[in-house]
Amino acid sequence: MSARRPPVVAVLDYGAANMVSISQALVAAGAHAVVATDAAGLQGVDAIVVPGVGAAAPAMVHLRERGLLEPLREWVRADRPCLGICLGYQLFFDRSAEGDAETLGLLAGRTLALEGAPTLPHIGWNTVEAVRPHPLFEGIADGSHFYFVHSFAPAPEDETVVVARTTHGRPFVSAVASGSLYGLQFHPEKSDEAGQRLLANFLRLVVAADGKVAAGGTGAVARGAVVS
Amino acid sequence: MLARRVIPCLDVADGRVVKGTRFVDLTDEGDPAELAERYAREGADEIVFLDITAAPEGRGTVLDVVRRTASRAFVPLTVGGGVRSVDEMRDVLRAGADKVSFNTAAVATPGLLTECARRFGSQAVVCAIDARRRPPRPPSTAEPVAVAGATTWEVVTHGGRTPTGLEAVEWAQRAVALGAGELLVTSMDRDGTRSGFDTELLRAISSRVRVPVIASGGAAGPEDFVLAVRDGGADAVLAASIFHRQMYSIDEVKQAMAAAGLPVRPVEEAAA
């Protein structure tokens, strides 16, 4: 891909998300955003964003019905850039306690109900505290506010994937990264300047990953490998 | 730590912002998308559009407002007023809104909250409750929630013109059970009076539900926002006229809240 071409990002439409907001925020951050409703929609794209709000079980049904489950798994196994937001992030893990649904199994762990939360759903702007530095958060002050809307959050088994935590009642994992797989419990597309900067950082990682492939890199990093 | 939200509310009629006392003496104040973008720049944590378009043929205009706002302001958007069905809610969400607030329609058809929550998730369903104080009851008519002699509030609709007979605290609990993920509680005694929020009403509701409560009706100055959170237990505070008339900026309100020890998202972070 030429350095001048904006990265093409497919936003997975599986009937569970506000597609307008994430697409417009990606465009504002410098992407060419396309909406993918099936595997054909992933042809020629540089990255996939899995958005979503709502419940895990129906989301998995919709992904399966649209023939997106295996293409998405293959994409991540090949360590191509993929960003999960809110429900999209939760689906990366093995299971969700929300409806006891089996999810994608790309990361080890389960999605659990928030415990000890003073209010549920957890709605509003909360601080995201870095566990380790990561290029996704470059130029964003540690402890910046991002917008959350959820009642469940994943508990990764592998501590090395954890990038940031947030506390609502008790701390939970609000950002993960494993190779080119990134997950965010908050909504960068609704998080004003901090969110726009994070999306721009994601696009830089997409361009860098593409350069690696173009330069003859393997493009395949084992599950659990860490980019930093 | 979860910040307490400051939310400007824009009354929109036929695609334009109007202000004045809510339903009378409306004056045209410009383009809602532009004003929303300005509020976002000034640190608004969320923006509520209240569609008060009178004529049915003007209804579609709010979708255009949401569309234009969503492409420029990357903060949560809520639309209230006039949404009466799952399909209408879908159209509003597709235009780029994150939540829809139901008021009269929820009272008339409570099952609508359930249907919409099932389809779009509770987080997208806000139940707006307009409440008015009732005189204290004699002991003989005490109800389960209302302690005899204690203050109770009645739910009213149609901008306060229609009493419903519903007890506000009970309706709040029921709305949550039906699927509302948030409650927008407006005191009709205080709305437009600039005499402060009804913190007693807010506390009565926030202490009995687990979902976030947004306080509305009566803001006169930054101190009222502090009281709505501290005394009322509100998670977020909504106001219209004090922002539109530029009596106070969002920054001034947030600074007062921060000075009172309440967690807020600093405006400088928004504008960074």
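The model is predicted, so local features need pLDDT of at least 70 and side-chain atom pairs count only at pLDDT 80 or more, while totals for chains, interfaces and linings use all residues. Residues are numbered from 1 along each chain as its sequence is written, and chains are lettered from A and ligands numbered from 1 in the order in which they are written.

**Chain A overall**

- Chain A has five helices and 14 strands; helices (H or I, at least four residues) and strands (E, at least two) are DSSP runs, numbered from the N terminus.
- Of the 228 residues in chain A, 53% are buried, which is the label for a residue with 20 or more other C-beta atoms within 10 Å of its own, C-beta atoms being placed from the backbone.
- Among contacts in chain A between residues at least 6 apart in sequence, 72% join residues at least 24 apart; two residues are in contact if their C-beta atoms, placed from the backbone, lie within 7 Å.

**A sheet in chain A**

- Four strands of chain A make an open sheet with mixed pairing, in the order β6-β5-β7-β11; two strands pair if DSSP finds at least two bridges between them.
- The edges are β6 (101-102) and β11 (152-156) of chain A, each with a single partner strand, so one side of each has no neighbour in the sheet.
- Strand β5 (residues 95-96) of chain A pairs with β6(A) in the antiparallel sense over two bridges.
- R95(A) has E102(A) in β6(A) as its bridge partner.

**Where chain A touches chain B**

- On chain A, 29 residues are in contact with 32 residues of chain B.
- The elements of chain A giving two or more residues to this side are α1 (19-28), β8 (122-127), β10 (145-150), β12 (162-168) and α5 (192-214).
- The residues on this side of chain A comprise 10 nonpolar, 15 polar and four charged; Ala, Val, Leu, Ile, Met, Phe, Trp, Tyr, Cys and Pro count as nonpolar, Asp, Glu, Lys and Arg as charged, and the others, Gly among them, as polar.

**Strands in chain B**

- In a regular strand the side chains alternate between the two faces of the sheet.
- Strand β6 (residues 99-102) of chain B is covered on both faces, with K99(B) and S101(B) buried on one side and V100(B) and F102(B) buried on the other.
- Strand β5 (residues 77-80) of chain B pairs with β6(B) in the parallel sense over three bridges, and V79(B) has V100(B) as its bridge partner.
- From β5(B) the chain passes through helix α3 (residues 86-94) of chain B to β6(B) in a right-handed β-α-β crossover; right-handed means that, with the strands pointing away from the viewer, the path from the first strand over the helix to the second runs clockwise.
- β6(B) also pairs with strand β7 (residues 125-134) of chain B, in the parallel sense over three bridges, and V100(B) stands opposite V125(B) there.

Conventions: A residue is buried if 20 or more other C-beta atoms lie within 10 Å of its own, exposed if 12 or fewer, and partly exposed in between; C-beta atoms are placed from the backbone.
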